[in-house]
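Please take a moment with the sequence and the model below before reading on. The paragraphs that follow go from one part of the chain to the next.

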Amino acid sequence: LFELACRHDLVLRVVYRPGDFVLAGHCLVHVWPGDALRPEGREAEPADWAEDIANAFVAGSRRTQTQDIDFLIDELVEIAARALSPGINDPFTAFACLDYLTGAVAKLSTRRLPPAARRDCHGALRVVSRPLTFGDVSEAAFGQLRPYVAQDRNAALHQMKCLAELTFDVDRPEHREQLLGQAAVLR
């Protein structure tokens, strides 16, 4: 999409992230000709770019692991939540899920995530999206599990241990604050 926006002098605002549910007929991307934001520019013809943009999207009936990190997190959260249910009562499976979630969040904390706004080499805005943030991932991993973990003393202690380990491992102060916030709410 970034290359298309540069090639056709467009600004694109992507509405959804990979894995989001989209109702039929809803808009996936808003498109503005570059000249709408810069009066001295030239107009781009929709025929030049509309089909290329449509072809950049793939829709399916199910979420996939390929581009949807939330899908993988949600699967582990679901397994852990079921393991902690009174009917199953398998805390060690929940602990394993928490360990894998902790490992994923730790790995993500070392990566530079893409920004919401992407600009070309001349500084012109080209693509605006809803990026995945460290806060989104830590909330998905630990916040969704909190109601289930809070009902089981051992699971709560294990999640607190995971959060403590992560807090010491992350390099960025804002990540540390988000993890401390998770721990405070669990406490």
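The sulfur of Cys 6 has its closest cysteine sulfur in Cys 121, at 7.3 Å, which is too far for a bond. A disulfide is taken here as a pair of cysteine sulfur atoms within 2.5 Å, and by this rule the count comes to zero disulfides. Cys 6 counts as partly exposed because its relative accessibility is 30%, whereas Cys 121, at 75%, counts as exposed; these words follow cut-offs on relative accessible area, with buried under 20%, exposed over 50% and partly exposed in between (1.4 Å probe, protein chains only).

Some words on the model itself belong here: it is predicted, local features need pLDDT of at least 70, side-chain atom pairs count only at pLDDT 80 or more, and totals for chains, interfaces and linings use all residues. Residues are numbered from 1 along each chain as its sequence is written, and side-chain values use heavy atoms, with hydrogens and water left out.

Asp 120 lies in the loop between strand 3 (117–119) and strand 4 (125–128), where helices (H or I, at least four residues) and strands (E, at least two) are DSSP runs, numbered from the N terminus. With a relative accessible area of 13%, Asp 120 is buried, and its side chain reaches the backbone nitrogen of His 122 at 2.9 Å and the backbone nitrogen of Ala 124 at 2.9 Å.

Asp 9 is found in the loop between helix 1 (2–7) and strand 1 (10–14), and it is buried because its relative accessible area is 10%.

Two further buried residues sit in helices. Ile 53, in helix 3 (residues 46–55), has a relative accessible area of 4% and is therefore buried; beyond residues up to four places away in sequence, Ile 53 touches Leu 1, Leu 4, Leu 10, Leu 12, Val 29 and Val 31. The C-alpha atoms of Ile 53 and Val 29 are separated by 8.5 Å, although the two residues are 24 apart along the chain. Gln 182, in helix 9 (residues 173–186), counts as buried at 6% relative accessibility, and, leaving aside its neighbours within four places in sequence, Gln 182 is in contact with residues including Ser 138, Phe 142, Arg 146 and Leu 163.

Lastly, there is the largest pocket. The largest pocket is lined by 38 residues, of which Tyr 16, Arg 17, Pro 18, Gly 19 and Gln 67 lie nearest its centre, and helix 4 (residues 69–83) gives the most to this lining, with three residues. A pocket is found on a 1 Å grid over the protein atoms alone, as an open set of points where a 1.4 Å probe fits, with protein on both sides within 12 Å along at least five of seven lines, and lining residues have an atom within 4 Å of a point.

Key
Contact = heavy atoms within 4.5 Å. Polar contact = N/O pair within 3.5 Å; in protein donor to acceptor, adjacent residues only side chain to side chain.
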